[in-house]
Amino acid sequence: MTARTLQLILLFCVVTLVVPLSSHADHSGSLFDERTAQAVGPDLQRILGPKSAGIRYDARMINAAEIAAGRAHRHSTSRCWRSVKTALMAARVVPTRPTSEYARQAGVELQGKFGFTKIRVFSPFDAPVGAVLVYGGRGAGHVEIRTATGFVSDFASATPSPRPLLGVYVKRS
């Protein structure tokens with residue numbers, strides 16, 4: 001991959017809000033803003049996949065992708081939920097910082113306080129780009145954001161967490 005391709009992947013890797021181009025619904029209370037939403041061009045469609053042509057990407061989620069990828073470490077620092085919270089806050093995806101302490105609690109809070117939707121996805125690889133994946137297991141659990149090239153939280157990885165997947169969450173209009 002060229003450096004330009006990697007830049008494009010980082011720029012568009014996290015997309016939590018997806019809205020069909022033909023949608024004319026009322027978007028009040030959601031992140032979707034027709035002034036900032038961008039359709040995908042042919043170059044990005046090759047990276048994001050064939051279904052990306054009918055999706056508009058919110059600029060704040062592109063910003064969240066840049067923030068999360070830019071701050072990701074090579075290895076876990078055991079601060080996954082903190083890193084995802086920071087990326088969502090800095091990109092203005094959520095209006096206030098989530099308060100749940102443990103990563104395994106992220107899904108309940110994102111759904112209850114911030115309007116995220118739990119979608120029926122059972123494999124992390126099937127999660128849409130930009131989805132927040134929440135895992136259980138021992139300890140605090142784990143949370144990460146799906147990217148075009150893998151997964152990111154406090155560290156970037158090409159493979160998902162081996163912990164049991166509790167849910168996949170997206171922000172819809």
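What covers the buried residues of H5? In this predicted model, the cover includes H4, strand E4 (116–119), E5, E6 and strand E9 (165–171). The buried residues of helix H5 (106–114) are Ala106, Gly107, Glu109, Leu110 and Phe114. Viewed along the axis of H5, these buried residues lie within an arc of 165°, so they line one face of the helix. An α-helix has 3.6 residues a turn, so residues three or four places apart point the same way. Val108 and Gly112 are exposed, and they sit on the face of H5 turned away from its buried side. Just after H5, Gly115 adopts a positive phi of about 75°.

The largest nonpolar core comprises 20 residues, of which Trp81, Leu110, Phe116, Val132 and Val143 touch the most other members. At least two residues of this core come from each of helix H4 (80–90), helix H5, strand E5 (132–135) and strand E6 (142–146). The most is given by H4, which contributes five residues.

When its neighbours within four places in sequence are left aside, Val143 is in contact with Cys80, Trp81, Val84, Ala103, Ala106, Val132, Leu133, Val134 and Ser153. Another core, of nine residues, lies apart from the largest one; its members include Ala131, Leu133, Tyr135 and Val170.

Conventions
Residues are numbered from 1 along each chain as its sequence is written. This is a predicted model: local features need pLDDT of at least 70, side-chain atom pairs count only at pLDDT 80 or more; totals for chains, interfaces and linings use all residues. Side-chain values use heavy atoms; hydrogens and water are left out. A nonpolar core is a set of buried Ala, Val, Leu, Ile, Met, Phe, Trp, Tyr and Cys residues joined through side-chain atoms within 4.5 Å. Buried means under 20% relative accessible area, exposed over 50%, partly exposed in between (1.4 Å probe, protein chains only). Helices (H or I, at least four residues) and strands (E, at least two) are DSSP runs, numbered from the N terminus. Contact means heavy atoms within 4.5 Å. The arc is that of the directions from the helix axis to the C-beta atoms.
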